[in-house]
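Reader: I am new to this structure and would like a friendly tour. Could you take me through it step by step?

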Amino acid sequence: MARRSVITLDEAWERLLSSIAPLEAEQIPVDESGGRYLREALVARRTQPYADLSAMDGFAASGEGPWAVIGEARAGHAFDRALSPGQAVAISTGAALPQGADRIVVKEDASLAQAVLRADPLPTPGRHIRRRGFDFKTGDTLLAAGTRMAAPHIALARTAGVGTIGVTRRPRVAILECGDELRADPVDCPPDGLPASNGAMTACMVGSVGAEVSSRVLVPDRLEAVVNALDDAKDADLVLTSGGASVGEHDLIKPALERAGFTLDFWRVAIRPGKPLIVARRGSQLMLGLPGNPVSTFVTAFLFALPALRRMAGSERALPQPINLPLAGVLPAAGTRREFLRARLSPEGATLIDERDSSALAALARADVLIDRPIGAPVQAEGALVSCYLLENGAIA
Ligand SMILES: Nc1nc2c(c(=O)[nH]1)N[C@H]1C(S)=C(S)[C@@H](COP(=O)(O)OP(=O)(O)OC[C@H]3O[C@@H](n4cnc5c(N)ncnc54)[C@H](O)[C@@H]3O)O[C@H]1N2
Ligand code: MOO
């Protein structure tokens, strides 16, 4: 085998991402934009707040007290006359201050007798007042193109008076699981079969970056069947296969992809797990051949499929973002491939999970982070900082 052709992860990332452009834009309701990437900057069409508002329930008062209470201002129901010094109105949180009001007496400090308001302690002028436009003003750029819309962005866009936004359309993903041993039904599975799990796992992962699964099929270990399944996947933006990526007699993905009109870009990356990764293209369509061992499938989907989909979906920061975390125990010396080690997270830091077999799903399911272990790294002591990628497996909440 031509071992030379194994490339580094950094080269693989560069080659993968440099060839992917964002898909077409579409207009969608802001309310449905969670997880989507903004195509153009979001500009405010309102000033927020639209007027000086009270931040507390109590009274809006003019000048020094005591004050005569002459009415009420509620959120959505402004008091439409100006106050003169010595006058006040009851006010609720979020209501506009009447003209002339310059201080807020919070309810807890107020005493009211025969419509005369006194305060103890005396209010500080300007305190508890949210000034007009302090959050943003009409015309302000609030979000940059490429922002991934999350809950706060949706609230911001609505508050800015925006109802629909331009986002990049969702990438469509066709998932092919290859292997004669695989069974679709995990319940009704013969003893010598294996419930297919990579397809459901990767479907869940691609959903987390806003992509949609356009098809999911099990494919037997026959060249014709793999070629046909690849042909059937023509309308997908990304074809994800699992299994059949290695050098075994029944590892058919490489011969099949060429028959189905794909051109191989590269095969094999110097990482563990996941070395036999395949990247190929057919026109604008990308194909990732993920290794079949489930942990390898997970790690390569995390390192390649998700960044590719983020880029297609319009993200400007497609790669996973590492953070440094302290080790909660010793980390043994690294090997000759860049390794992505499964680890648990506690307040003390990351603890390596000993079971490292690339088919060990129970160990993978316990992992909260992947430690990114460079080639040849020395033994590292407890407390040393290591580069990690957070997983969504439960450490966060
Ligand atoms: N002689 C060599 N053998 C292997 C090498 C090598 O370099 N030389 N590499 C090993 C590595 S590393 C990996 S990873 C695997 C990857 O192989 P394949 O992509 O060809 O995967 P399969 O052989 O089809 O399956 C491997 C394993 O995973 C199970 N599997 C497959 N698909 C699914 C699925 N959809 N759901 C659940 N489990 C699945 C399958 O039953 C096998 O047990 O190759 C090594 N061999
Ligand atoms: O790289 Mo394989 O993915 O080690 O099991």
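Author: What follows is a short exchange about domains, sheets, helices and a ligand. This is a predicted model, where local features need pLDDT of at least 70, side-chain atom pairs count only at pLDDT 80 or more, and totals for chains, interfaces and linings use all residues. Residues are numbered from 1 along each chain as its sequence is written, while chains are lettered from A and ligands numbered from 1 in the order in which they are written.

Reader: How far apart do the C-alpha centres of domain 2 and domain 3 lie?

Author: Domain bounds here come from an automatic or database domain assignment. Domain 2 is made of 25-47 + 135-168, and domain 3 covers 53-130. Their C-alpha centres are separated by 35 Å.

Reader: Which feature does UniProt place at residues 174-311?

Author: UniProt positions are given in the numbering used here, with feature names shortened, and annotations may be inferred rather than shown by experiment. The span 174-311 is 33% helix and 29% strand, and its end C-alpha atoms lie 17 Å apart. The unreviewed UniProt entry gives this span as "domain: MoaB/Mog".

Reader: Which residue is the bridge partner of leucine 325 in β26?

Author: Strand β22 (residues 323-326) pairs with strand β26 (residues 385-390) in the antiparallel sense, over four bridges. In β26, leucine 325 has as its partner valine 386.

Reader: How many residues of the shell around ligand 2 are charged?

Author: Ligand 2 is surrounded by residues including Arg272, Lys275 and Ser358. Ala, Val, Leu, Ile, Met, Phe, Trp, Tyr, Cys and Pro count as nonpolar, Asp, Glu, Lys and Arg as charged, and the others, Gly among them, as polar. The shell has two nonpolar and four polar residues, and the number of charged ones is two.

How values were computed:
A residue is near a molecule or strand if its C-beta atom, placed from the backbone, lies within 6 Å of it. Two strands pair if DSSP finds at least two bridges between them. Helices (H or I, at least four residues) and strands (E, at least two) are DSSP runs, numbered from the N terminus.
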